[in-house]
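This report describes selected features of the structure shown below. It begins with a single helix and then widens to the chains.

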Amino acid sequence: MRIRTAGVVAVLGLALAASGCGNSGSDKPAAKESAKATGGKLVIWADDKRTAALKPFAEEFGKENGVTVEVQAVSKDLQTNFVTASQQGSGPDVVVGAHDWIGNLVQNGAIDPVQLAAEQKSAFNEVAVKAVTFNGQLYGVPYATENVALIRNTELAPEAPKTIEELVQTGKKLKAEKKASEILCLQSGQNGDAYHIYPLYTSGGGYLFGTAANGDYDPKDLGVGKPESIAAFQKIAKLGEKGEGALKRSITGENSIATFTSKKCAFLVSGPWAIADAKKANIKYDISPVPGFAGGKEAQPFVGVQAFYVAAKAKNKALAQEFVTNYVTKPELAVALYKAEPRPPALTAAFDQVKGEDPDLAKFQEAGKNGQVLPAIPAMAAIWDPFGKAEAAIIGGADPAKTITAAGKTIAGQIK
Amino acid sequence: MTTYADAPVANRNSAGKSRSRWFAQVGWRHLVGVLAVAFSLFPILFVISAALNPLGTLSSTELLPTGASVENFSNLFQKTAFAHWFLNSLLLAGVASFASIFLSSLAAYAFSRMRFAGRRVGLLTLLLIQMFPQFLAIVAIFLIFTTITDLYPAIGFNTPWGLFLLYMGGALGANTWLMKGFFDTLPKELDESATMDGASHPQVFFRIMLPLVAPILAVTGLLAFIGAINEFLIANVFLTNTESKTLAVGMFGLVAGERNNNFGMFAAGTLLTAIPTVLVFQLLQRYIVSGLTAGAVKG
Amino acid sequence: MSTSPSGPGSATQAPGREPVRRGLPRISRSARNHAPITATGLVVKVILLGLVVGIAIWAAFPLIEAEHWVGLGILAVTTAGLFYLYLSRRHIPAKYLVPGTLFLLAFQVFPVLYTASTAFTNFGDGHRGSKDDAIVAIQTASVKQIPGSAEYSLSVATKGDPATGPLVFLLSDPKTKEVSAGDAGGLRRIDASQVTVSPTGKVTAADGYTVLNFGQASVRSKEITDLVVPTSGGAVRSNGLSRAYEGKAVRAYDAGCDCIKDSESGKTWTADEKAGSFVAADGERLTQGWQVNVGLKNFSRVLTDPKISGPFFGTLAWNFAFAIGSTGLTFLLGMAIALALHSPRMKGTNLYRVLLILPYAMPSFAMLLVWRDMFNTDFGLVNNLFGLGVDWFGQTWSARLAVLLVQLWLGYPYMFLVATGALQAIPGELTEATSVDGATPWQSFRAVTLPLLLVALSPLLIASFAYNFNNANAILLTTEGGPFAPDNPTNGATDLLITYTYRLAFGAQGAEYGMAAAVSIFIFAIVATVSAISFSRTRKQEEVYS
């Protein structure tokens with residue numbers, strides 16, 4: 001009986017299976033054929049904002065050329081996921097990201113150099129081209145630049161301060177008159193923010209990496225922990241919680257723009273991304289370069305560049321190259337991306353086109369004119385965390401010399 | 001609401017003392033409930049206030065909304081694929097929670113009622129595997145699913161079924177432990193007598209044990225549902241197509257842009273995310289509070 | 001425990017239809033063997049096994065097509081194993097365990113083992129792929145356009161069928177207007193009379209060739225990328241589908257010396273198989289490296305690097321306090337509220353329950369961010385509400401307290417739900433019996449409810465402890481491990497072992513997965529030991545009803 005049951009079950013099961021696989025067998029080849037009938041497929045990975053902006057253009061590119069284009073958003077850890085996926089062979093053909101990824105993407109063999117014709121190259125802003133150049137090769141096609149500036153509420157502070165001391169004076173006066181509750185909105189948080197404090201650090205005389213003979217940053221010459229950096233942070237400490245109270249750990253990335261738009265502080269150090277909120281809140285504002293210390297060096301913000309890269313393991317590399325070198329270099333796309341998110345386009349023609357409609361753009365570019373290109377060398381990854389924490393500790397009142405020396409040691413230990 | 005249990009108590013009550021007795025027996029329970037609800041809800045008030053704030057900041061200085069507008073909600077549906085995410089999440093969480101409680105209840109039954117070689121080792125292994133940090137395993141997941149996507153695109157990257165399979169890998173994890181604990185509280189005489197009466201082991205499992213642990217199945221199902229709705233880490237690497245994303249992934253994208261975030265839409269989405277969970281909970285309430293158990297134990 | 005007379009080999013006993021087999025199942029289970037096979041059971045079995053075969057056959061075709069014989073073998077063995085298991089009457093526990101276990105093996109055990117194996121390698125940024133990958137990357141990255149060479153307009157063409165014919169590059173030089181055809185054999189001039197060139201300089205038609213449009217060409221992308229037309233100075237390569245350039249790989253791999261040579265500077269980098277990099281005589285290494293086995297190096301670094309082992313015990317102690325605190329507090333609060341609401345006379349319990357699970361229903365990362373803002377010194381609600389000026393996340397103990405409070409808020413609804421479920425499952429008679437005996441509610445709780453709750457929940461408490469021990473999100477989204485001592489930015493007061501060591505592994509120049517895996521194994525060993533010990537204590541409770 002037992003055996004018979006087993007037999008019946010097995011036979012019936014097989015019969016069922018046979019009917020099931022009849023179906024699966026018939027629809028498989030059909031699916032394959034339809035995939036072959038159309039052109040190739042191009043997959044682009046970007047973050048959420050850019051995905052939305054790119055979609056219509058990517059689809060148009062697809063329609064024009066008889067290919068399928070998919071723009072996909074990776075919300076978190078785009079860079080890491082791109083590297084991991086690429087290496088396993090399930091990555092995209094094109095990825096969109098900040099230029100300071102290049103060092104890491106190259107060391108993992110995840111992207112290929114792009115070849116731009118001389119006249120294509122010259123159409124771009126020089127800084128942008130420099131930013132995407134790594135080890136003498138061009139690794140991405142830039143489309144936008146970004147840097148921080150000082151945004152001020154012109155109702156509270158009609159004049160642009162020339163020095164940070166002047167700014168603090170105005171801010172303190174406003175605070176005393178109860179017109180504002182904060183002197184300056186420069187985000188730090190409990191663990192610091194190296195990106196936003198950088199103009200003050202350079203104005204105080206500090207630097208991150210020296211320059212090698214070929215013009216690239218030199219990871220062996222680390223400026224953090226050097227006497228210049230200590231001097232810079234001593235100046236920053238005077239603005240901190242135990243000093244003027246202009247820099248505070250309680251001002252974070254989440255609340256700095258909100259505090260500015262609710263008119264609680266007259267000055268905000270932020271980038272083009274803050275403008276939309278200021279407009280929405282009907283703030284009368286103006287944009288000027290971040291001021292430096294009186295008698296100090298120039299305050300230089302970081303200049304970052306957003307770029308398109310061709311994946312080294314792209315399944316459709318020829319199409320990816322075509323898209324990146326010949327389509328992304330068109331001003332129309334740059335203008336559209338600007339409209340999705342107002343960052344100055346890297347293409348000079350596109351920049352000139354939107355400059356007229358948007359005076360803020362020129363002001364941001366002016367503020368970033370003396371900026372430093374964010375280092376793209378892999379060693380930069382070791383800077384952010386210790387540097388930020390040292391900044392936060394010093395703002396909170398820790399001894400600058402001791403703190404920054406410790407940070408320098410930690411960073412040096414992590415650079416290979 | 002008078003039940004057998006209250007009857008003798010009620011009889012002993014004298015009318016004059018009823019208020020203080022009411023407090024001693026029921027009132028304090030409400031007090032605890034209200035306090036607990038207050039503790040639960042006040043951070044959520046921020047989310048509500050941010051959702052209604054047209055400027056869309058998640059700043060906790062203002063507990064009450066500074067402006068009331070549904071702009072964030074309408075944007076959510078017009079500018080993002082929120083409706084897609086919502087449906088994907090419902091489908092995935094629904095199917096995954098159902099399948100996972102099924103798988104884990106099977107295993108829990110074996111672990112609770114049967115004695116076999118490797119039982120305790122198996123239980124411990126189940127626990128220990130959960131302890132390995134998941135985000136390190138992402139590399140391996142890419143490895144597996146790159147192969148699967150090549151061979152079977154229908155269950156590969158960007159498909160709900162692939163993600164479903166992955167979630168099933170975790171089905172035995174904590175749920176088995178939870179259910180095994182509850183199976184352990186059921187008297188063994190129950191299934192033993194059923195067995196003596198000639199019931200087969202599937203019959204004992206499906207007809208006797210499962211109905212008895214209905215409250216637990218409901219609780220576990222709800223937990224699995226919430227877990228699947230909120231799962232982010234794996235879904236984020238798995239689903240890159242805008243339309244195939246789940247709520248957790250899609251919504252994270254709203255605040256993940258570099259340095260400029262849309263907290264307003266995000267807050268609105270967060271509130272909407274809670275709705276299916278609350279509905280499922282409502283659906284399961286009657287099992288959670290059912291008197292089934294008591295009745296069955298008597299018989 | 002019921003004592004059944006059936007020993008090994010005992011024959012038909014109950015309304016049996018067939019002889020019982022020997023050995024398994026033991027003692028009290030034996031009666032089940034004699035249960036009749038019902039029609040429903042049979043049908044279900046047929047359908048399920050049918051599905052198994054169906055899926056197996058569906059899965060087999062792509063494997064055969066890809067000639068993936070190992071995969072096919074595994075598939076066949078798994079399918080046969082399933083058939084054996086469910087058609088046989090033995091191995092009853094396995095019938096219940098196998099479905100979940102299959103998924104567990106594929107999607108949890110395998111990833112864990114794979115990850116653990118990387119602990120013995122230098123796997124990480126710069127060392128992800130194989131040596132061949134690194135060589136390809138180095139050579140590709142060194143391709144430079146030959147200075148002064150022409151930049152061609154490209155049309156991809158074939159001789160014959162667009163989908164299968166051999167590929168040819170039709171190149172036109174915009175300056176000289178010369179057109180040539182190039183393939184692996186080299187460049188050949190084509191007479192201007194044989195081609196049509198568009199005003200933009202692109203060849204649109206040529207005698208004897210089929211010019212492909214983008215759609216057709218994009219399908220053959222790989223062939224186009226691989227097609228290199230040799231020239232005297234280097235080679236013409238495609239750049240997309242409409243341009244080509246004459247370039248040269250400056251660096252090339254030489255198998256003879258196992259090194260990379262730079263033809264411009266003459267520098268060589270020799271392969272260092274221990275480090276997985278190409279290193280020059282002056283110590284300079286190329287950034288593109290490969291994955292190599294490093295043995296126990298990662299493990300010994302965990303033990304010997306003072307930066308890792310120095311703050312280890314302090315962090316470990318806080319890690320335990322955090323895990324125990326998170327689990328204990330959420331359990332106590334969740335259980336207390338569940339008990340308070342567990343009364344037949346309570347009205348509105350439904351509403352309470354719905355509101356109470358809301359914290360759990362919200363995405364936790366959103367709520368962690370809200371809580372972080374609430375503890376802000378100047379703008380946070382906690383300070384504003386109570387008129388405090390506490391720098392919550394800036395001081396060791398206030399930060400730890402804050403983190404635990406957040407954990408309590410996030411986690412107690414879970415415990416509340418589970419305790420509610422457990423209370424419902426406790427037979428009412430038991431508590432009634434004690435109250436009839438005159439016990440106070442507290443006594444009856446201690447004597448009846450709590451022990452039963454613990455039977456149900458203690459495994460869960462262990463699981464919850466284990467989860468919280470590694471709960472990196474709770475820390476990363478709130479304090480990020482801080483506050484940090486000014487002179488030590490690598491170890492903070494609220495750091496868990498996992499957040500601390502990952503900062504070391506991923507915060508450096510490029511992520512070091514191998515290192516992170518080694519650290520995980522250490523942490524894993526600690527938690528596993530603790531859990532195993534507490535688990536062995538549950539044995540007693542487990543046998544309450546046995």
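## Helix H16 of chain A

The buried residues of H16(A) are Asp385(A), Pro386(A), Phe387(A), Gly388(A), Lys389(A), Ala390(A), Glu391(A), Ala392(A), Ala393(A), Ile394(A) and Ile395(A). A residue is buried if 20 or more other C-beta atoms lie within 10 Å of its own, exposed if 12 or fewer, and partly exposed in between, with C-beta atoms placed from the backbone. Because 11 of its 12 residues are buried, H16(A) is largely enclosed by the rest of the structure. The model is predicted: local features need pLDDT of at least 70 and side-chain atom pairs count only at pLDDT 80 or more, whereas totals for chains, interfaces and linings use all residues. Residues are numbered from 1 along each chain as its sequence is written, and chains are lettered from A and ligands numbered from 1 in the order in which they are written.

The cover over the buried residues of H16(A) includes H8 (194-203), H9 (227-239) and H17 of chain A, together with strands S16 (484-485) and S17 (488-492) and helix H17 (497-506) of chain C. Helices (DSSP H or I, at least four residues) and strands (DSSP E, at least two) are numbered from the N terminus. From first to last C-alpha, H16(A) reaches 16 Å, close to the 16 Å expected at 1.5 Å a residue; the expected span is 1.5 Å times one less than the number of residues. Just after H16(A), Gly397(A) has a positive phi of about 115°.

## Packing of H16 against H17 in chain A

The axes of H16 (residues 384-395) and H17 (residues 400-414) of chain A come within 9 Å and cross at roughly 170°. Axes are lines fitted to C-alpha atoms, for helices over the stretch in contact, and angles run from 0 to 180 degrees between N-to-C directions. H16(A) and H17(A) are therefore roughly antiparallel to each other, the term used for angles over 145 degrees.

On the H16(A) side, the contact is made by Pro386(A), Phe387(A), Ala390(A), Ala393(A) and Ile394(A). H17(A) contributes Pro400(A), Thr403(A), Ile404(A), Ala407(A), Thr410(A) and Ile411(A). Two residues are in contact if their C-beta atoms, placed from the backbone, lie within 7 Å. By class, this contact has nine nonpolar, two polar and no charged residues. Ala, Val, Leu, Ile, Met, Phe, Trp, Tyr, Cys and Pro count as nonpolar, Asp, Glu, Lys and Arg as charged, and the others, Gly among them, as polar.

## Helix H9 of chain A

H9(A) has 13 residues and spans 19 Å between its first and last C-alpha, close to the expected 18 Å. Its buried residues include Ser229(A), Ile230(A), Ala232(A) and Phe233(A). The buried residues of H9(A) pack against H7 (164-176), H8, H16 and H17 of chain A.

## Chain A as a whole

Chain A comprises 17 helices and 14 strands. Its C-alpha atoms fill a box of roughly 90 × 60 × 50 Å along the principal axes. Of its 416 residues, 59% count as buried.

## Contacts with chain C

The contact between chains A and C takes 67 residues from chain A and 68 residues from chain C. H1(A) gives the most to the chain A side, with 13 residues. That side has 27 nonpolar, 28 polar and 12 charged residues.

Chain B places 98 residues in contact with 101 residues of chain C. The largest share of the chain B side, 13 residues, comes from H2 (residues 18-52) of chain B. By class, the chain B side has 67 nonpolar, 25 polar and six charged residues.

Conventions:
Parallel < 35°, antiparallel > 145°, perpendicular 65-115°, else oblique.
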